[in-house]
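Student: Please take a close look at one part of this model for me. I would like to see how that part connects to the rest.

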Amino acid sequence: MKVKNNSRANLPAMLLIFLLLMIWQCAAMGINAAYILPTPWQVLVRLWELRDPLFGAHLPATMAVVGIGLGLSIVLGLALAVLMDVSKTAEKALYPLIIASQTIPTTALAPLFVLWFGYTIWSKVLVTVLITFFPITITVFDGFRSVKTEMVELMFTFGATRMQVFRKLKFPAVLPYFFSAIKMAIPLSIIGAAIGEWLGAQSGLGYFSRRMMTQLDGAGVFAPVLLLSVVAMILVEIVSILEKKLITWRNA
């Protein structure tokens, strides 16, 4: 029964994906120029043909950037959110700067990072952090603000310390917001890594896609993009499973 219910729940998504693939197929056939818009089948065939360099060299390079960048973004985002929750002065000082950081065009900063750090992993990591830390910071901070002031004051009345209020009240309340932030940050971290590799790298899926573009290989351009999309969906699904395991009261 559970398998049938899961199949029915996934049916709308499967139908939508099928519809989008049909639209893509018809558009590609109408254009009839594979170097501009290849068909889905051509992309899959090219992905299989390029499996050795994609899976052996470029995917691990991109995942290293994503892993380091996302890890740093989580630490930075949580630290900023906690600091703004603890101190109103810090909130007034940091919040406008955090918003302003997202108005800077990433494509303008990425070449500067390459000049500063060369074609090392850190130029791509900085691009990833710049894009990714924002949703984590803002979402987690909103989670802290969602905690009712009356509940905090009640715990203080009962003699609870600030640390006890954080552990017993704020931390559980923020967990759903944290997982939502991570699910938003994963695709953004992959986009940031790809942008960094596209603008300056010697390996990675973004670099590989740019190289295929110079060869007018449309299917070769789409193959790494498809791979990145699949990886993002898998990672988000893993986080969703962890969320259900850890936030049991939400499922109830």
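**A close look at one helix pair**

Tutor: Start with H3 and H6: H3 passes H6 in a right-handed crossing. Counted by class, their contact holds 21 nonpolar, six polar and two charged residues. Keep in mind that this is a predicted model.

Now the geometry. Two packed helices are described by the angle between their axes and the distance between the axes. Helix H3 covers residues 51-86, and helix H6 covers residues 121-146. They pack at an angle of about 35 degrees. Their axes are 6 Å apart.

Look next at one residue of H6. Valine 127 sits in this helix. Is valine 127 buried or exposed? Valine 127 is buried, because its relative accessible area is 1%, and under 20% counts as buried. For a sense of distance, compare valine 127 with proline 176. The two are 49 residues apart in sequence, and their C-alpha atoms are 26 Å apart in space.

Now turn to the surface. Ile68, Leu72, Leu112, Leu115, Trp116, Phe117, Trp122 and Leu126 form a nonpolar patch there. Together they have about 790 Å² of accessible area. Which elements give two or more residues to this patch? They are H3, H6 and helix H5, which covers 106-117. H5 gives the most, with four residues. Take leucine 112 as an example from H5. Leucine 112 counts as partly exposed because its relative accessible area is 33%, which falls between the 20% and 50% cut-offs.

Next come the charged pairs. Side chains of opposite charge can pair when their charged atoms come close. How many salt bridges does a search of the whole structure find? It finds six.

Aspartate 142 and arginine 145 join their side chains in a salt bridge, at 2.9 Å from N to O. Both residues lie in helix H6. They are three residues apart, about one turn of the helix. Aspartate 142 is partly exposed, with a relative accessible area of 29%. Arginine 145 is also partly exposed, at 48%.

Another involves H3. The side chains of lysine 170 and aspartate 85 meet in a salt bridge, again at 2.9 Å from N to O. Aspartate 85 lies in helix H3 and lysine 170 in helix H8 (residues 162-199), so the pair ties together parts that are 85 residues apart in sequence. Lysine 170 is buried, because its relative accessible area is 16%, under the 20% cut-off.

From H8, follow a further link. Glutamate 243 forms a salt bridge with lysine 183, with the closest N and O atoms 2.7 Å apart. Lysine 183 lies in helix H8 and glutamate 243 in helix H10 (residues 218-246), so this pair ties together parts that are 60 residues apart in sequence. Glutamate 243 counts as buried, at 9% relative accessibility. Lysine 183 is partly exposed, at 24%. Elsewhere, Arg46, Glu49 and Asp217 are linked in a network of salt bridges.

The loop between helix H9 (205-214) and H10 holds leucine 216. Leucine 216 is not a glycine, yet it has a positive phi of about 55 degrees. Is leucine 216 buried or exposed? Leucine 216 counts as exposed because its relative accessibility is 60%, and exposed means over 50%.

Helix H9 itself contains glycine 206. With a relative accessible area of 4%, glycine 206 is buried. Glycine 206 and isoleucine 190 are 16 residues apart in sequence. In space, their C-alpha atoms are 9.7 Å apart.

Finally, step back to the whole protein. Its secondary structure comes to eleven helices and zero strands. Of its 252 residues, 38% count as buried. The C-alpha atoms fill a box of roughly 70 × 55 × 30 Å, taken along the principal axes. Within that fold, return to where you began: H3 and H6 cross in a right-handed way, and H3 also reaches H8 through aspartate 85 and lysine 170.

Methods. Residues are numbered from 1 along each chain as its sequence is written. This is a predicted model: local features need pLDDT of at least 70, side-chain atom pairs count only at pLDDT 80 or more; totals for chains, interfaces and linings use all residues. Side-chain values use heavy atoms; hydrogens and water are left out. Axes are lines fitted to C-alpha atoms, for helices over the stretch in contact, and angles run from 0 to 180 degrees between N-to-C directions. A crossing is left-handed if the near helix is turned anticlockwise from the far one by less than a right angle, and right-handed if clockwise. Ala, Val, Leu, Ile, Met, Phe, Trp, Tyr, Cys and Pro count as nonpolar, Asp, Glu, Lys and Arg as charged, and the others, Gly among them, as polar. Patches are made of residues with over 30% relative accessible area and no salt bridge: like charges are joined within 9 Å, nonpolar side chains (Val, Leu, Ile, Met, Phe, Trp, Tyr) within 5 Å. Accessible areas come from the Shrake-Rupley method with a 1.4 Å probe; for residues, only the protein chains shown count as cover. A salt bridge is a side-chain nitrogen of Lys or Arg within 4 Å of a carboxyl oxygen of Asp or Glu. Buried means under 20% relative accessible area, exposed over 50%, partly exposed in between (1.4 Å probe, protein chains only).
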